[in-house]
Every structure is written in structure tokens, then in C-alpha cells.
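Have the structure open and follow along.

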Amino acid sequence: MAQGKTALVLTGGGARAAYQVGVLGAVRELWRGRAGHPFPILCGTSAGAINATALAVFADDFSMAVRRIGYIWRHFHVDQVYRADALALLETGLRWGSALATGWLINQTPRSLLDNAPLEALLRRTMDLAAVGPAIAAGHIDALSITASGYTSGESLTFFQAADHVSGWRRAQRVGLPAQIDYAHLMASSAIPFVFPAVKINREHFGDGSMRQLAPISPAVHLGAERILVIGAGRLAEEGRQRSEAYPSLAQIAGHAMSSIFLDSLAVDLERLERINHTLSTLSDTQREAAGITLRPIDTLVISPSRRIDAIAGHHRTELPRAMRAVLGGIGGMRRGGSTLLSYLLFEPGFTRALMDLGYEDTMERRGEVSDFLQL
């Protein structure tokens with residue numbers, strides 16, 4: 001495996017992933033057109049998988065790749081990701097209503113709340129995944145990995161495309177499998193449970209890679225990274241408990257569940273990595289070799305939003321199409337307590353641009369730290 005390589009880990013979060021693009025915009029500015037790629041190892045999950053793959057597709061020119069990704073996110077609209085017109089939402093409502101009322105009789109099972117066929121069409125129009133292999137062969141990048149969650153096995157499966165000498169791995173509930181990345185992997189990794197339909201790959205149906213992803217950083221480590229930049233899509237340290245007398249709405253409960261899926265495992269994995277690094281720092285290279293310890297210290301830098309993304313989403317709630325506002329309003333998604341759920345689905349330019357601006361500002365405030373990390 002490659003040594004001394006820097007990896008980029010992009011986590012999930014639906015529309016929240018616009019924040020990652022703002023961070024990348026700042027990195028692009030700090031990179032200043034240098035030759036090569038700042039992140040030879042690209043690892044993505046959920047919406048982060050799409051951003052990571054875009055960087056791989058255009059790996060021969062990092063600056064141009066970031067500009068292209070930024071253009072798409074700055075001009076995003078909901079109908080490019082999922083059908084939000086009144087007819088589509090009415091059809092979905094009828095299917096779910098029929099299933100709840102008569103599903104026991106006719107064995108009818110709806111696949112999802114929303115139809116994300118427009119997203120696959122967008123990916124096929126904007127990214128030629130056949131370019132990933134040549135980018136690796138030319139040495140522009142070393143590896144691309146996409147993580148999805150198997151609904152049958154319960155395993156977190158990382159599909160990776162890399163040089164032939166890079167081997168797969170198997171750990172408890174975690175598997176790394178060499179593959180040629182295609183659109184099915186991206187659709188599976190970003191299939192938010194209940195919201196978007198599962199995708200069948202080979203013999204199993206897969207959903208959002210953030211589910212049961214106990215170690216989000218591990219694919220980068222397995223692929224040879226010694227430095228890892230992690231860009232989150234939510235604050236890792238939230239405010240403390242607040243008093244509330246009102247019963248939580250369905251949207252509030254759903255938003256809480258999504259935050260547990262997308263954020264909690266990353267914080268735990270970072271704590272675990274910090275403990276391992278601390279332990280290794282107490283041992284010399286000779287002591288580690290004598291004890292047969294093959295672990296190596298990993299330098300990490302985490303950039304996550306300095307402001308609450310759900311609060312930002314609340315300010316842009318009226319940008320959603322009218323029919324979608326009506327659906328979310330019925331479950332409390334248009335109220336303050338439902339803003340977390342809203343933030344995952346709000347693919348509209350006012351919101352995505354606000355997150356991109358925040359990502360850029362957060363990164364430039366730490367420009368010295370970022371420059372040192374990337375050895376600029």
C-alpha cells in the first residue's frame with residue numbers, strides 16, 4: 001500500500017453535503033494550482049460519495065474538478081434529486097396509504113417515500129465513471145472508495161477502485177471489496193433509509209452507507225492513508241439538553257434518527273483513533289516492532305460546520321416546492337423542531353450556497369492549520 005498519502009473522507013448528509021464543497025473551494029484556493037492531487041485517496045459515503053467520485057472523475061485537474069462540483073451545488077434544485085411535484089407526491093401518498101390499509105391482504109410494500117430517479121439521470125449526465133480507472137492508472141489518484149450498507153447481511157461494505165496490488169479487507173461487520181465503481185454504487189450509498197429506495201448490487205440490496213458504519217475512517221486507513229482530512233456535514237459537538245414540554249413531531253423524531261445515522265459514528269471513530277494515536281506515541285518504533293504491533297499513527301484534521309445546519313435550513317424552508325412543503329408541514333417538518341429533517345432534503349440554491357459559504361469561511365479561518373496539514 002502507498003505510504004505517506006493524504007486521504008479525503010467525505011461523510012453523508014443529503015443536502016448538507018454542500019458544506020463539503022465550500023471546504024473544497026477553500027482548499028482549492030490554498031492549493032494554488034499546484035501539480036498533482038492533494039488527496040490521492042478519496043473516500044465517500046452517502047452524498048459524500050458523490051462528491052468524492054466527482055473529484056476522482058476529474059482527477060487530472062483538481063482546481064477544475066472543484067469548480068465543476070461547485071457549479072452544480074450552487075444551482076441545485078430539488079427536482080434534480082427527487083420528484084417533488086404534486087402528482088408524484090400524491091402517488092406516493094396513495095401507495096403508502098394503500099399499503100397501510102390493505103397491505104396485509106395484497107402483500108403490497110412501497111419502496112420509499114421519494115423517487116430519486118432524477119438523481120441518477122443527473123449523475124449520468126455530469127460524470128463519466130469510466131474516467132476513474134484511467135485516473136488511477138495515470139497516477140492522478142491512488143484509490144476511490146464508496147461505502148454502502150447491506151440490508152440482508154447488515155454489513156458495511158466499502159467498494160473500492162484502486163491499483164491491482166491493493167487488497168480487500170474483512171473486519172467485524174465491515175468489508176472492503178475491490179470493484180469498478182458505477183452509478184449503482186453511488187445510488188446505493190446515498191439511498192437514505194425510508195426516503196430513497198434501496199439498490200441491488202450483485203445479490204444484495206444496499207442502502208445509505210452511513211447506516212451501521214461503525215468506523216467511517218477505516219477505509220482510508222486500509223487504502224494506505226497516513227494523513228486524513230475529514231469533512232463532516234454536521235456539528236460533532238451539539239448543544240446540551242434543553243427543556244421541552246411539547247411532544248416531538250414525526251419530523252423531529254426522523255431528524256434525530258438521521259443525525260444518529262450520519263453524525264454519531266464519526267465522532268466515536270475519531271475518539272477511537274485519537275486513543276490509538278496516543279497509545280502508539282508512548283511506544284518507540286523498536287517497541288512496536290518487538291510487540292508485533294502493525295498499527296501506525298494517523299494524522300487527522302476534521303473540518304465541520306461552526307453553525308447549526310438545521311438553523312440555516314429553517315431560514316430557507318420556503319424555497320422547497322409547494323407540494324413538498326405541504327407534505328413536510330403535515331409531519332412538523334416546516335416548524336423549528338423539524339428543521340433537521342428539512343436540512344437533509346433541501347436541495348435548493350439558497351440553502352446549498354449558504355452551506356458552501358460557511359464551509360469556505362470555516363476552512364479559511366483555519367487556513368494555517370489546513371496548509372500545514374497538506375504540507376503546502
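Helices here are DSSP runs of H or I with at least four residues, numbered from the N terminus. This is a predicted model, where local features need pLDDT of at least 70 and side-chain atom pairs count only at pLDDT 80 or more, while totals for chains, interfaces and linings use all residues. Residues are numbered from 1 along each chain as its sequence is written, and side-chain values use heavy atoms, leaving out hydrogens and water.

**The second largest pocket**

- A pocket is an open set of points on a 1 Å grid over the protein atoms alone, where a 1.4 Å probe fits and protein lies on both sides within 12 Å along at least five of seven lines; lining residues have an atom within 4 Å of a point.
- Helices α4 (86-106), α9 (250-281), α12 (322-330) and α13 (339-345) each bring at least two residues to the lining of the second largest pocket.
- The top contributor is α9, with six residues.
- This pocket holds about 620 Å³ of space, with volume taken as the space filled by probe spheres set on the grid points.
- It has 22 lining residues, and Leu113, Phe194, Val195, Ile331 and Leu341 are the closest to its centre.
- By class, the lining has 20 nonpolar, two polar and no charged residues. (Ala, Val, Leu, Ile, Met, Phe, Trp, Tyr, Cys and Pro count as nonpolar, Asp, Glu, Lys and Arg as charged, and the others, Gly among them, as polar.)

**Helix α1 and its partners**

- Helix α1 (residues 18-31) packs against α14 (residues 349-364) at about 45 degrees, with axes 6 Å apart. (Axes are lines fitted to C-alpha atoms over the stretch in contact, and angles run from 0 to 180 degrees between N-to-C directions.)
- The pair α1 and α14 is therefore oblique. (Under 35 degrees is roughly parallel, over 145 roughly antiparallel, 65 to 115 roughly perpendicular, and the rest oblique.)
- That contact has 11 nonpolar, five polar and two charged residues.
- With α3 (residues 62-74), the axes of α1 come within 10 Å and cross at roughly 150 degrees, so α1 and α3 are roughly antiparallel.

**Helices α2 and α3**

- The axes of α2 (residues 47-57) and α3 come within 8 Å and cross at roughly 140 degrees, which makes α2 oblique to α3.
- On the α2 side, the contact uses Asn51, Ala54 and Leu55.

Note on methods:
Contact = heavy atoms within 4.5 Å.
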